[in-house]
Amino acid sequence: MQTGLEQIRAIRQAEKKKQRKRRLFVLVVVIVIAVLYLCIQGRGVRIYDPLYVGRCFVSFLRIKFLSIGASSAVKSELLAQNYAVLGNGYGVIIARLQNLLLMLLSGAVLALSGTVYQTSMRNPMAVPTMLGVSSGVQLAQMILVILYAEEAYNMATERYVLSYGISIGVLLVIMGAGKLVGGKRFNVSDLLIVGTIVNRLFRIVMNYLQSSMDTDTLTLYQEFAQNSQDYFDSFSDLLILVIVAAITMTPLILMRFSFNVVSFDDEDAHSVGVRAKFLRFYGIFAGGILTATAMIHAGNVGMLATVVPLMCRYIYGADFRDLLWTSAAWGGIILLCSNFIRGYTYINEYQIPLGNIISLLAVPLLIWVIRRQKTIFSTMEQ
């Protein structure tokens with residue numbers, strides 16, 4: 001007969017085994033989608049041999065290793081050798097690889113921000129876009145297009161500085177105003193109210209700027225904002241995304257055990273030694289930074305921050321430790337699949353914006369999750 005301690009150990013072993021199976025399944029899904037994404041190229045449906053793709057990838061790593069500390073002439077010679085051996089397909093494959101990593105990381109970061117917000121605010125419908133971060137990024141893009149026109153497409157540094165500056169400034173103003181309105185209590189409802197007002201003010205400013213644009217400038221801005229992922233053409237941009245995400249996420253990962261307690265009342269959390277107010281404050285700030293990072297690189301795809309955490313919470317449970325990796329994985333997968341579909345969807349020679357495809361995929365998922373939850377609750381009541 002098993003004792004209570006042995007039963008607990010058996011349950012923990014079974015849970016660990018289930019977690020390993022889940023992670024293996026997600027890993028296989030990511031690998032399959034990545035291979036398809038690299039081997040099948042957009043419009044015209046050109047298919048590359050997986051072995052050729054692998055050779056291009058190995059050759060790219062070889063160039064990166066050999067060009068460390070080398071002059072630009074040596075780098076150009078190595079690149080020319082690669083093109084001579086592998087053909088023009090080498091450049092296409094490397095560009096696809098960069099876009100693949102950009103989509104995976106952006107989707108993961110955005111889904112993580114939604115998970116952090118929903119946990120911090122104890123609201124399954126809370127999303128970082130409520131606090132004006134997305135409007136800050138869009139305003140930065142609009143300012144660049146108004147000032148520099150088509151040159152804004154190649155101004156990655158200026159876009160980073162302006163987008164992060166406006167987004168962080170707006171986030172700090174909203175959090176400070178929410179604190180003043182709530183007094184000693186850091187009330188999430190007050191924060192959302194202030195965020196909604198500030199977000200509305202941003203929309204008024206943006207609508208005014210749009211109304212003052214001529215037709216050509218407005219078209220440039222719409223193309224720039226809807227297809228942001230097409231204007232990052234170096235791995236240094238990808239490195240910035242990784243660095244910002246790593247710096248922001250490291251404290252969240254280290255405090256992943258404590259974040260489960262944030263869903264309790266502050267008094268209950270304090271009784272077990274967890275500073276719920278600090279965790280909630282940092283979670284809201286970190287979620288805003290992660291959202292700005294994702295939207296700078298991927299465009300207006302904020303719907304992921306709502307749908308993916310809800311879906312993962314329904315499938316994998318509410319444990320924050322599980323939600324961290326599951327939401328990141330599925331956020332990257334869904335965004336990558338959406339970008340893959342985008343390569344085949346055209347209206348009058350124009351690609352459908354990535355945000356629209358995300359919405360078309362996300363809405364059915366959201367309806368399915370809500371219906372399943374209602375079905376479970378009604379079954380429990382009976």
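This is a predicted model: local features need pLDDT of at least 70, side-chain atom pairs count only at pLDDT 80 or more; totals for chains, interfaces and linings use all residues.
Visitor: Which residues touch the most other members in the largest nonpolar core?

Guide: A nonpolar core is a set of buried Ala, Val, Leu, Ile, Met, Phe, Trp, Tyr and Cys residues joined through side-chain atoms within 4.5 Å. Buried means under 20% relative accessible area, exposed over 50%, and partly exposed in between, with a 1.4 Å probe and protein chains only. In this structure the largest such core has 71 residues, and Tyr 90, Trp 330 and Leu 335 touch the most other members. Helix 4 gives the most to this core, with 14 residues. A second, separate core of 38 residues includes Leu 144, Val 170, Leu 191 and Val 244.

Visitor: At what angle do the axes of helix 4 and helix 12 cross?

Guide: Axes are lines fitted to C-alpha atoms, for helices over the stretch in contact, and angles run from 0 to 180 degrees between N-to-C directions. Here the axes of helix 4 (residues 89-121) and helix 12 come within 8 Å and cross at roughly 70 degrees. That makes helix 4 roughly perpendicular to helix 12, since angles under 35 degrees count as roughly parallel, over 145 as roughly antiparallel, 65 to 115 as roughly perpendicular and the rest as oblique.

Visitor: Is Leu 310 buried or exposed?

Guide: Leu 310 counts as buried because its relative accessibility is 7%. The residue lies in helix 12 (residues 304-316).

Visitor: Which residues is Leu 310 in contact with, leaving aside its neighbours within four places in sequence?

Guide: Contact means heavy atoms within 4.5 Å. With those neighbours set aside, Leu 310 is in contact with Gln 118, Pro 124, Met 125, Leu 366 and Val 369. Leu 310 and Val 369 are 59 residues apart along the chain, and their C-alpha atoms are separated by 7.3 Å.

Conventions. Residues are numbered from 1 along each chain as its sequence is written. Side-chain values use heavy atoms; hydrogens and water are left out. Helices (H or I, at least four residues) and strands (E, at least two) are DSSP runs, numbered from the N terminus.
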